[in-house]
Amino acid sequence: MTTAVSRRSDRRISPVFVGIVAVMAVTGWATWTGFAEQPGLAVFLFVTSAWIVSLCLHEYAHARTALHSGDISIGAKGYLTLNPLAYTHALLSIVLPVVFVIMGGIGLPGGAVFIERGRIQGRWKHSLISAAGPLTNVLFAAVCTAPFWLGVTDGVPAAFQFALAFLALLQVTAAILNFLPVPGLDGYGVIEPWLSYKIRRQVEPLAPFGLLLVFAVLFIPTVNEAFWDAIDAFMRALGVQDVLADCGFRLYRFWTEGSDVCLSL
């Protein structure tokens with residue numbers, strides 16, 4: 001088995017990621033203080049940059065867990081730098097998830113890291129690697145909703161509450177979709193090591209189309225209604241009322257008519 005030499009540069013945080021975090025910080029401040037002339041634009045930039053940060057952390061969690069599980073080739077692939085451009089394909093990893101957020105306010109699972117599974121021994125390790133990504137979305141959702149379930153939103157500007165609620169909604173939808181046991185998604189990766197070789201071979205051709213299949217099923221009205229009912233239930237359990245996330249989505253799409261109607265209530 002070949003070995004990979006770990007270099008310090010393999011783990012150095014990418015300037016691209018630092019720049020995205022800077023945009024998130026500045027636009028978050030602008031949303032909080034009302035500094036921006038167009039609060040919707042500030043919310044759009046804040047939520048989008050925070051969403052990209054969460055995509056990077058999702059993939060980083062996969063990579064870091066794989067590294068500690070035995071795949072020492074991870075660093076050389078650039079997965080530990082948090083550079084969003086290093087994760088598979090920029091279109092699939094970043095652009096497509098952002099487009100889905102703009103169009104429908106849903107957290108589409110992002111790109112993927114290529115893990116050399118042959119280097120990793122033990123089914124539990126393989127399952128944990130797959131689970132690490134969506135668990136990051138769960139943690140991100142918990143952080144975003146903390147002011148709500150802790151009851152400390154007094155004094156928090158409305159626009160910032162709306163932005164946090166919508167960002168939390170994206171994390172919850174991403175976590176739920178990722179945990180579905182569908183080939184190509186992380187949920188299937190969690191259970192795959194425990195399946196027989198025959199079953200794995202049978203479902204393997206479905207992996208490239210798993211996400212498309214999920215969204216095709218979500219277009220069925222009854223399924224779509226049940227899905228969003230489940231999302232709303234999760235959000236309410238986290239202390240976030242439906243109207244907050246809805247206002248966040250409206251404000252996020254600042255170019256649409258009535259996008260700032262919630263701010264006038």
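Guide: Contact means heavy atoms within 4.5 Å. The model is predicted, so local features need pLDDT of at least 70 and side-chain atom pairs pLDDT 80 or more, while totals for chains, interfaces and linings use all residues. Residues are numbered from 1 along each chain as its sequence is written, and side-chain values use heavy atoms, without hydrogens and water.

Visitor: Is H4 roughly parallel or roughly antiparallel to H5?
Guide: Helices here are DSSP runs of H or I, at least four residues, numbered from the N terminus. Helix H4 (residues 123-149) packs on H5 at an angle of about 155 degrees, with the axes 8 Å apart; axes are lines fitted to C-alpha atoms over the stretch in contact, and angles run from 0 to 180 degrees between N-to-C directions. Angles under 35 degrees count as roughly parallel, and those over 145 as roughly antiparallel. H4 and H5 are therefore roughly antiparallel.

Visitor: Is the crossing of H2 and H5 left-handed or right-handed?
Guide: Helix H2 (residues 39-69) packs on helix H5 (residues 158-178) at about 30 degrees, with axes 10 Å apart. That angle makes H2 roughly parallel to H5. A crossing is left-handed if the near helix is turned anticlockwise from the far one by less than a right angle, and right-handed if clockwise. The crossing of H2 with H5 is right-handed.

Visitor: What relative accessibility does Gln171 have?
Guide: Gln171 is found in helix H5. Not counting residues up to four places away in sequence, Gln171 touches Trp51, Ser54, Asn137, Phe140 and Ala141. Buried means under 20% relative accessible area, exposed over 50%, and partly exposed in between, with a 1.4 Å probe and protein chains only. Gln171 counts as buried because its relative accessibility is 0%.

Visitor: Which residue's backbone nitrogen does the side chain of Thr27 reach at 3.3 Å?
Guide: Thr27 is found in helix H1 (residues 15-33), and at 9% relative accessibility Thr27 counts as buried. Beyond neighbours within four places in sequence, Thr27 is in contact with residues that include Ala42 and Ser49. A polar contact is a pair of N or O atoms within 3.5 Å. The backbone nitrogen reached by the Thr27 side chain at 3.3 Å belongs to Phe46.

Visitor: At what angle do the axes of H1 and H2 cross?
Guide: The crossing of H1 and H2 is left-handed. Phe17, Met24 and Thr27 are among the H1 residues that meet H2, where Leu45, Phe46 and Val53 are among the partners. The axes come within 8 Å, and the crossing angle is roughly 145 degrees.

Visitor: What is the phi of Leu82?
Guide: Most residues other than glycine have a negative phi. Leu82 is found in the loop between H2 and helix H3 (90-104), and at 8% relative accessibility Leu82 counts as buried. Although not a glycine, Leu82 has a positive phi of about 65 degrees.

Note on methods:
Helix = DSSP H or I, 4+ residues; strand = E, 2+ residues; numbered from the N terminus. Parallel < 35°, antiparallel > 145°, perpendicular 65-115°, else oblique. Polar contact = N/O pair within 3.5 Å; in protein donor to acceptor, adjacent residues only side chain to side chain.
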